[in-house]
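Try each task before reading its solution.

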Amino acid sequence: MTTAVSSRKKIYDRIRSATKSVAKNDAARAEAYAALPRPYVHTGQLSRKQTLDLMIERLREYEAGVTETTPAELPAAIAQKLAASGHRKFVVPPALPAEWLAAGYEWKVDNGLASEEIETAEGVVTAAFCAVADSGTIVLHHSASEGRRVISLLPDFHLCILRTSQIVETLPEYFRRCAQPPALATTISGPSATADIEMTRIKGVHGPRFLEVILVNDEEAR
Amino acid sequence: MSHSASNQPILDPRHALPFPKAVLPVLRNPQLRKNVAHAIDVIQSKRAKLVAEKTDWQELRTAADAMRMHVLENLGAYLEQFEQRCTERGGIVHWAADADEARRIVLDILREEKASEVIKIKTMTSAEIQLNPYLDTNGVKAYETDLAEIILQLGEQEPSHIVVPALHVNRSQVREIFSRTMGLKDLSDEPRELTNAARHYLRRKFLEIPTAISGANFLVAETGAVAVVESEGNGRMCLTLPKAMITIAGIEKVLPRFQDLEVVLQLLGRSATGERMNPYNSIWTGVTPGDGPERFHVILLDNGRSSILASEHERQTLKCIRCAACMNACPVYRQTGGHAYGSVYPGPIGAILTPQLMQMNYAQSLPYASSLCGACYEVCPVKINIPEVLLDLRAQVTNRERKDLKRFFDPMYLGLRVANLLFSRAWLFHTAQFFGRIGLGLFTGSDGWIHWLPSVGGKWTQTRDLRGLPSQTFHEWWAARNKEAQ
């Protein structure tokens, strides 16, 4: 432990002496941080319709399936997607609405399932925290309706339910929606992929190979 | 290029050949050059398209440049904040002054975990400290899980790029490696089938090996969080399934606040792989009960970084976010690939980072492995002025060599000292011109060109011809012209 402690001190000493002419005290540093230039686009310029269309276009570019629906028709839309997937065994986070779990399927509710058990599920259904249209990115904060990180990872098929009010145009708009920085966050931009062999994009290496998204229009109703 | 017979890792700058020598076998390998050029062309065209559509690209670069510099100037304070927050959230923070200490810390943790196997996410810091051979010697088997890293590990090859490390290997070579090492006789060379083979090879390992090692793309001082950027999902597997997790992060990786990711994440994917966003980003904070590893260690690695920090001109080297856009844009890298750089960091960023990490004691040839064309600076998402640093490092190399007694009679330095003298007195210069014309005349062909010179002059004529000296100097012509006019 003594060497570890001394290395900590040694590195801090080296850093402090290396930066002594430029490092600022707490107040001046906070001021310098606040004054950092941020001239990039913060808020998107697209209309709501254009933003949603862009999100759909991006998801399709990633070869993700996209279906639009209304809150009333959501359970039916989910049932349809599940039927089309050809799978029977699904894992879900604990706080999904009961009406999303269509009859006729085997539902495993994740209240701390072992990885081996999740591995035997063929698909997963989750909600999401936010989505960014500019890059077609879905963001999970792993709440009780989005599920632990592992459940949206091991099954080969991921059905993600996204409310249109959760879709923003730019990445900075997502960050402004985080009142508090999340402890855990995963961003998903299309299904798992690699281009390691001759730069040929191949879908599905380790994460889910199939990503399906249902967009629930919860904005027009208001 | 495989491991050398002496079992000394090839990409260790302490043992690597100088760049002009190391590059020769590559230049004679047309297959490798074709593989590299193909991969580079694909990434470059994808990147160019996505950068062109991003209307605020230059503004993002400006923000990233200023933010990264601000962090480096205040690195002590931000690291302290990261350390405190990460610890509060259940992480254990270790400090490694050099590669040797980092390796020992990793091994100690693995011994504590009673781990004989470990799964790894592609990490440059682990390659930098040559972790895998060390673990192997100490009885721990490390399994790389990134597809490119598997290709290299199973094929016993060295990485040649920091983002797509196996870009020098083509599909039929991958097929050969996989079918030999995985025992798959009927494997085709379809990338889809090869990728599938890797998926199956690793699936059980992800589920069964309870210890993992990662690097970090970013550390967040405000929250103590770590961010890892990836494509395949192997990262998410390693970050989620194991019981214990070790992250090896360079001390320069820290960002002040969570929100600052909005700048670097927009730049990184587009610069690195030509994607609007890479398929997966993972951000986690210490230990989250019930979700992911129960024990989490961060090793903060110095290994030469703090000495780079000390120099006002070279400090910018540490702004790097490891996107590899500079090597993709580099006309030298495009011809040579990565191995000739003799370091895990090739290309323009490697040419400035490697010698500095080595405190200028090794890899002195790398600052010269550039035409100074500036393409690297133009594409760099955090605006590292690589040509400026290259020139500065060249000056440092020369200053050192000059003071080296053994170099005193080196023909190059002798010649430059003589030139220094000649250029300082007009009469000496004119005398030298007179004798030079006679001397070089002996080597000048009937076509007016010099095709061969002895000794140090041969360094020029090896690869290009030199025009013979004209029969009249400018001074002589000027004097004669004035005389005529009178």
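Two strands pair if DSSP finds at least two bridges between them. Helices (H or I, at least four residues) and strands (E, at least two) are DSSP runs, numbered from the N terminus. This is a predicted model, in which local features need pLDDT of at least 70, side-chain atom pairs count only at pLDDT 80 or more, and totals for chains, interfaces and linings use all residues. Residues are numbered from 1 along each chain as its sequence is written, chains are lettered from A and ligands numbered from 1 in the order in which they are written, and side-chain values use heavy atoms, with hydrogens and water left out.

**Exercise 1.** Find the strands that pair with S7(B).

*Solution.* Start with S4 (residues 211–214) of chain B, which runs parallel to S7(B) and is joined to it by four bridges. Here Ser214(B) has Thr247(B) as its bridge partner. Next take S10 (residues 295–301) of chain B, parallel to S7(B) over seven bridges. There, Ile246(B) is partnered by His297(B).

**Exercise 2.** Sort the residues of S7(B) by the way they point.

*Solution.* In a regular strand the side chains alternate between the two faces of the sheet. One way point Ala244(B), Ile246(B), Ile248(B) and Gly250(B); the other way point Met245(B), Thr247(B) and Ala249(B). All are buried, meaning under 20% relative accessible area with a 1.4 Å probe, protein chains only.

**Exercise 3.** Check the length of H5(B).

*Solution.* The expected span is 1.5 Å times one less than the number of residues. For the 14 residues of H5 (residues 99–112) of chain B that gives 20 Å, and because the end C-alpha atoms are 20 Å apart, the two agree. Lys114(B), with a positive phi near 55 degrees, follows H5(B).

How values were computed: Buried means under 20% relative accessible area, exposed over 50%, partly exposed in between (1.4 Å probe, protein chains only).
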